[in-house]
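Here are my notes on the model, as numbered points. Please read them with the structure open.

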Amino acid sequence: MNLEDLDESVKDALNKVLGTALGVAREQLEEQGVFLPFAIALEPQEADGEPELRLIAVPPTDNPEDPDADIDTEAMAADLVQVLNEQGAHFEAIAIASDVLLEADDRDAIHVVAEHKVGAALAIVQPYSMPAEPGGDWTFEEPSAESAESIWANAQQ
């Protein structure tokens, strides 16, 4: 699906969930130094109001055999997709944000995959750098867009 050919309302919905997800991820990084995968969902506009954005999160699963093990963020992202597929039939658009490592550059980045219920999907990658000293400024590079496979919209049809 060519993004340039999309209706303006579809583009607006994708921009809302993408922008909100990037903003929440940056805020969490600046305040906590880390963020766990989460989703942003856009509920359709009510008769006399604006569409509403919802933050959707799932708890990390503990490993009873190794309580000190790292949190399985891939499992959390899969859980988010499952929740969206179960509850998301009425959502207009969704975005799933996760913290990734760009292996080619050995850099951290925010990765957001956004989808609209019509099946349009795209991803944004925004590399970032932690401050050199506590209390310093985080550096966020310009986000770049890339194509994405639909993981939610097809399940809604």
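1. Asp106 sits in the loop between strand S3 (93-102) and S4. Phi of Asp106 is near 50°, a positive value in a residue other than glycine. Most residues other than glycine have a negative phi. Asp106 is exposed, with a relative accessible area of 62%. For this note, buried means under 20% relative accessible area, exposed means over 50%, and partly exposed is in between (1.4 Å probe, protein chains only).

2. Some points on the basis of the note. The model is predicted, so local features need pLDDT of at least 70 and side-chain atom pairs count only at pLDDT 80 or more, while totals for chains, interfaces and linings use all residues. Residues are numbered from 1 along each chain as its sequence is written, and side-chain values use heavy atoms, with hydrogens and water left out.

3. Overall layout. The chain has three helices and seven strands, and along the sequence they follow the pattern α-β-β-α-β-β-β-β-β-α. Of the 157 residues, 33% count as buried.

4. Salt bridges. How many salt bridges does the structure hold? There are four, where a salt bridge is a side-chain nitrogen of Lys or Arg within 4 Å of a carboxyl oxygen of Asp or Glu. One of them joins Arg107 and Glu141, at 2.3 Å from N to O. Arg107 belongs to strand S4 (residues 107-116) and Glu141 to the loop between S6 and strand S7 (144-147), so this pair ties together parts that are 34 residues apart in sequence. Arg107 is partly exposed at 23% relative accessible area, and Glu141 is partly exposed at 33%.

5. The side chains of Glu43 and Arg54 meet at 3.2 Å, N to O, in a salt bridge. This pair links distant parts of the chain, with Glu43 in strand S1 (residues 38-43) and Arg54 in strand S2 (residues 52-56), 11 residues apart. Glu43 is buried, with a relative accessible area of 18%, whereas Arg54 is partly exposed at 31%.

6. A salt bridge within a helix. Lys11 and Glu8 form a salt bridge through their side chains (3.5 Å, N to O). Both residues lie in helix H1, three residues apart, which is about one turn of the helix. Lys11 is partly exposed, with a relative accessible area of 25%.

7. Negative patch. Which residues gather in a patch of negative charge on the surface? They are Glu27, Glu30, Glu31 and Asp137. A patch is made of residues with over 30% relative accessible area and no salt bridge, with like charges joined within 9 Å and nonpolar side chains (Val, Leu, Ile, Met, Phe, Trp, Tyr) within 5 Å. Glu27 lies in helix H1 (residues 8-32) and is partly exposed, with a relative accessible area of 43%.

8. Aromatic pairs. A search of the whole structure finds four aromatic pairs. Rings of Phe, Tyr and Trp (its six-membered ring) pair if their centres lie within 6.5 Å; planes under 30 degrees apart count as stacked, over 60 as edge-to-face and the rest as tilted. Phe35 and Phe38 have ring centres 5.9 Å apart and planes at 65°, so the pair is edge-to-face. Phe35 is buried, with a relative accessible area of 5%, and Phe38 is buried at 5%.

9. The tilted pair. The ring centres of Tyr128 and Trp138 are 5.8 Å apart and the planes stand at 45°, so the pair is tilted. Tyr128 lies in strand S5 (residues 121-129) and Trp138 in the loop between S5 and strand S6 (139-140), so the pair ties together parts that are 10 residues apart in sequence. Tyr128 is buried at 5% relative accessible area, and Trp138 is buried at 15%. Tyr128, Trp138 and Phe140 form one aromatic cluster.

10. A contact across the sequence. Asn85 and Trp152 are 67 residues apart along the chain, and their C-alpha atoms are separated by 6.2 Å. Asn85 is found in helix H2 (residues 73-87) and is partly exposed, with a relative accessible area of 28%.

Note on methods:
Accessible areas come from the Shrake-Rupley method with a 1.4 Å probe; for residues, only the protein chains shown count as cover. Lys and Arg count as positive and Asp and Glu as negative; His and the chain ends are not counted. The place of a charge is taken as NZ of Lys, CZ of Arg, CG of Asp or CD of Glu. Helices (H or I, at least four residues) and strands (E, at least two) are DSSP runs, numbered from the N terminus.
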